[in-house]
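Dear colleague,

I am passing on the structure we spoke about, and my notes on it follow below. Please read them with the model open beside you.

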Amino acid sequence: MPRRSQNLAPPPPRPTRAEAIAASLAEDIVTGRLKPGTPLDEVGLARMHGSSRTPVREALRQLAPTGLVQVAPRRGAVVAIPDATQLAEMFLVMAELEAMAAALAALAMTPEQRRGLEGQHAAMASMVRAGDVAAYRAANVAFHHLLYLGAQNGYLGELATATRRRLAPFRAAQLEAPDRLRRSHEEHGEIVTAIQRGDAAGAAARIRAHIGLTERTWAAMAEALRRPAAA
């Protein structure tokens with residue numbers, strides 16, 4: 001009977017109940033199933049996850065440092081809405097990271113990657129026609145990820161992915177604005193065209209404009225969310 005290798009790494013520890021709930025909530029927030037400003041009721045979340053309130057409370061504490069959740073004493077937790085200044089700073093950094101990725105991709109993408117990007121964009125047209133926001137959200141993440149890969153710069157990809165994750169709830173929510181799917185898809189088309197032409201400056205400019213419109217669309221939605229709270 002073969003002896004078990006002494007070099008085998010031990011299996012990773014299973015996540016605690018709180019860690020599993022935190023991961024589930026983070027996924028719901030990042031994908032837009034839980035929208036910015038949504039109250040996170042401990043009792044309701046405990047019932048949903050089949051647990052007591054204690055691991056839910058710990059999960060919310062774990063999520064607070066990520067920026068996805070805001071926890072206020074005596075007011076409970078909500079899906080985070082950063083203040084306008086912080087959000088503007090985040091969008092500015094996102095725009096520059098993606099502009100750099102698009103510019104590099106215009107010069108460095110392989111023919112296969114260019115076909116993949118064009119194919120992804122083409123596939124999203126049917127989602128726009130159907131008004132399928134959920135499908136478009138997921139495809140949109142894949143579209144931008146293809147840009148990061150095409151830049152052929154792993155570190156830039158890491159930074160862009162991490163920043164995108166922080167902004168994901170807001171980028172996902174703004175796709176529900178009237179006519180936003182159609183306009184987003186048109187903006188993607190301009191980005192793809194510039195990349196296919198090898199126009200680095202044009203690709204960077206188009207993606208800055210794309211992120212800028214995303215920010216303005218979310219800002220208008222956030223203002224509408226804040227009005228009832230201020231009333």
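In which sense do β2 and strand β3 pair, and over how many bridges? In this model, which is a predicted one, β2 and β3 (residues 76–79) run antiparallel to each other, and their pairing extends over four bridges. Within that pairing, A72 has G76 of β3 as its bridge partner. The sheet as a whole is open and consists of three strands in the order β1-β3-β2, with antiparallel pairing; β1 and β2 (69–72) are its edge strands, each of them pairing on one side only.

Turning to helix α2 (residues 42–49), I find that E42, L45, A46 and H49 are buried. These residues cover an arc of only 100 degrees around the axis, and therefore lie on the same side of α2. That buried set packs against α1 (17–30), β1 (39–40) and α3 (53–63), whereas the exposed residues R47 and M48 sit on the face of α2 turned away from the buried side. Just after α2 comes G50, whose phi is positive, at about 65 degrees.

Finally, the aromatic rings: the structure holds one aromatic pair, formed by F170 and W218, which is tilted, with 5.3 Å from centre to centre and 50 degrees between the planes. Because F170 belongs to helix α7 (residues 154–173) and W218 to helix α9 (residues 200–230), the pair ties together parts that are 48 residues apart in sequence. Both F170 and W218 are buried.

Key: Residues numbered from 1 in each chain as written. Predicted model: local features only at pLDDT ≥ 70, side-chain atom pairs only at ≥ 80, totals over all residues. Heavy atoms only, no water. Buried < 20%, exposed > 50% of the residue type's maximum accessible area, 1.4 Å probe, protein only. Helix = DSSP H or I, 4+ residues; strand = E, 2+ residues; numbered from the N terminus. Arc of directions from axis to C-beta. Contact = heavy atoms within 4.5 Å. Pairing = 2+ DSSP bridges. Phe/Tyr/Trp six-rings, centres within 6.5 Å; stacked < 30°, edge-to-face > 60°.
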